[in-house]
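I opened the notebook to record what I looked up in this structure. The entries follow the order in which I checked things.

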Amino acid sequence: MVDLKRQYAHIKPAIDKAIQNVIDTTAFINGPDVNAFSNELASYLNIKHVIPCANGTDALQIALMALDLQPGDEVITPSFTYIATVEVVALLHLKPVFVEVDADTFTMNTESLKKAITHKTKAIIPVHLYGQSANMSEILQIAKEKNIPVIEDTAQAIGGTYTFPNGVVAKNGTMGTIGTTSFFPSKNLGCYGDGGAIFTHDDALADKMKMIANHGQKIRYYHELVGCNSRLDTMQAAILRVKLPYLDAYCDSRRTAADYYDKAFANHPNITTPYRAAYSKHVFHQYTLKLNGVNRDQVIAYLATKEIPSMLYYPVPAHKQNMFKLLGGNDFKLATTDQLQEQVLSLPIHTELTEEELKYITTHFKDAIKAAKI
Ligand SMILES: *Cc1c(COP(=O)(O)O)cnc(C)c1O
C-alpha cells in the first residue's frame, strides 16, 4: 500500500547523517533533535505548543487525561475510524458514544453529533479520516455552545488544511482544543518506528500534557499527577526533522496519484471516487472508494493475482468490535457506518507511485470490477 523504500532512497544521505549524529552524540532520549523538531513542527502548523510523544494512540490518551474527566463521562467519536480513537476512551473508563459519519466525506456527521450530546458529554473527537478534514466549523460551533472540548484526531491528515466559511485557512490539528497525530511509518509524515505528537494553543493544557507524558512530573522525581511514560525518541525526531520539509510535497504526490485514480474511474457505474469537500485540502492518507454492484471479495482476490494490494479500512466498525460488547456498551444503530463498511475499498497510495504503476493498477482494477459484477 506504501513504498517507504523508494521514499528513503531520495533522502538517504540526510537521513543517514541524522541517525549517525544521534548515535555519535548518544543523546538517545530527549536529545536536542526532539525539541528542535517540536519547534519546527509548531512553526509549520502555526500552533503554540507541540508536545512530542511515543505514538498517536498515546497522544489521544494524554489529551483525554488532561481534561480531568470522571469515569463514565461520555466521549463522542465516530465509529468509522481506526480503533485507537475509541480504545483510549474505554481504557480511561470513559464511555464511548459512537456517532455516524457522512456517507460522502467519511467524517463525523454533525446531525448525529447534535443528537448524541448529553449533560455527560465531556469531549468530542472528530477524525480527519483518510486525509480529509472533518466539518470543523460546524463541529466547533456545536461544541462551543455546550462548552465541550474538541480533540482532533489528525493521525491521517497532517499537512491538510480546513477553510472556514469566512475564508480563514487552518492546518488540521490546530482548530480544536487539542490536536493529536501519529508518525507511524506509513502516515503522511512518518518516522522509522513509532512516534506521535499533541498540539494545542492553550498554555495550561500544554504544561499539563507535558507533565502527563513525563510521569506527571515537572521537577524530576516530584510527581504531581498520575501520568505515563511517552516519549518521541531522538532518533525518530532526527528523522522527522529531515522529512518535515518534504511534507507538503509528499501530500501533493498523494493528491496527484488520487487525481489519476479519479480520472480513470470517472463516471464508472460501479465506482464512487472519494468525495472532496470544498472546505478541505484532502491529503489522501488513503484513497478509499465505494463499490456497488460488485462482489468486493472477488475484486480483492483478482487484484491479488496481479500483485496489487488493496485494503479494507476498516473491516469492522468500532461499535461492532468485540471489545465494546465486553464492556456492555449500548446498542448503537449506525446504518450509514454499516453500509460504508460494506462498500469501501482502499487502493495503494503513497509518495512514489509512477504513472506506469497507476496505469497498471487502474487497468486491472477496472478488469477486476468487470469480473466481479453481480
Ligand atoms: C494511526 C492512527 C492512530 C494511532 O496512531 P499510532 O501511532 O499507531 O498509535 C490514531 N487514529 C487514527 C485515525 C489513525 O489512523
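I began with a term: a salt bridge is a side-chain nitrogen of Lys or Arg within 4 Å of a carboxyl oxygen of Asp or Glu. I noted that the model is predicted, so local features need pLDDT of at least 70 and side-chain atom pairs count only at pLDDT 80 or more, while totals for chains, interfaces and linings use all residues. Residues are numbered from 1 along each chain as its sequence is written, and side-chain values use heavy atoms, with hydrogens and water left out.

**Domains**

I looked up how the chain is divided, and found domain 1 (4-97 + 106-245) and domain 2 (247-371); the bounds come from an automatic or database domain assignment. Their C-alpha centres lie 24 Å apart.

I then checked the interface. In contact (heavy atoms within 4.5 Å) are 38 residues of domain 1 and 39 residues of domain 2. The two domains bury about 3,300 Å² between them, 58% of it on carbon and sulfur atoms. Buried area here is the accessible area (1.4 Å probe) that two parts lose on being put together, summed over both.

How many salt bridges cross the interface of domain 1 and domain 2? I found one. I also looked up Glu 357, which forms a salt bridge with Arg 6, with the closest N and O atoms 2.8 Å apart.

For polar contacts I used pairs of N or O atoms within 3.5 Å; within protein, one must be able to donate a hydrogen and the other to accept it, and residues adjacent in sequence count only if both atoms are side-chain atoms. The interface has 23 residue pairs in polar contact, both residues at pLDDT 80 or more.

On the side of domain 1 that touches domain 2, α1 (4-25), α4 (84-91), β3 (95-99) and β6 (161-163) each supply at least two residues. The most come from α1, with four residues. Helices (H or I, at least four residues) and strands (E, at least two) are DSSP runs, numbered from the N terminus.

**Ligand**

A backbone N or O atom of Gly 56 is 2.8 Å from a ligand oxygen atom. A polar side-chain atom of Ser 182 lies 2.7 Å from an oxygen atom of the ligand, and for a side-chain N or O atom of Lys 187 I noted 3.0 Å.

**Backbone and salt bridges**

Most residues other than glycine have a negative phi, and most peptide bonds are trans. I noted that the bond from Tyr 313 to Tyr 314 is cis, with omega near 5°. Phe 106 has a positive phi, near 65°.

A search of the whole structure gave me 14 salt bridges. Arg 241 and Glu 40 meet in a salt bridge (2.6 Å, N to O). Arg 241 lies in helix α8 (residues 234-243) and Glu 40 in helix α2 (residues 32-45), so the pair ties together parts 201 residues apart in sequence.
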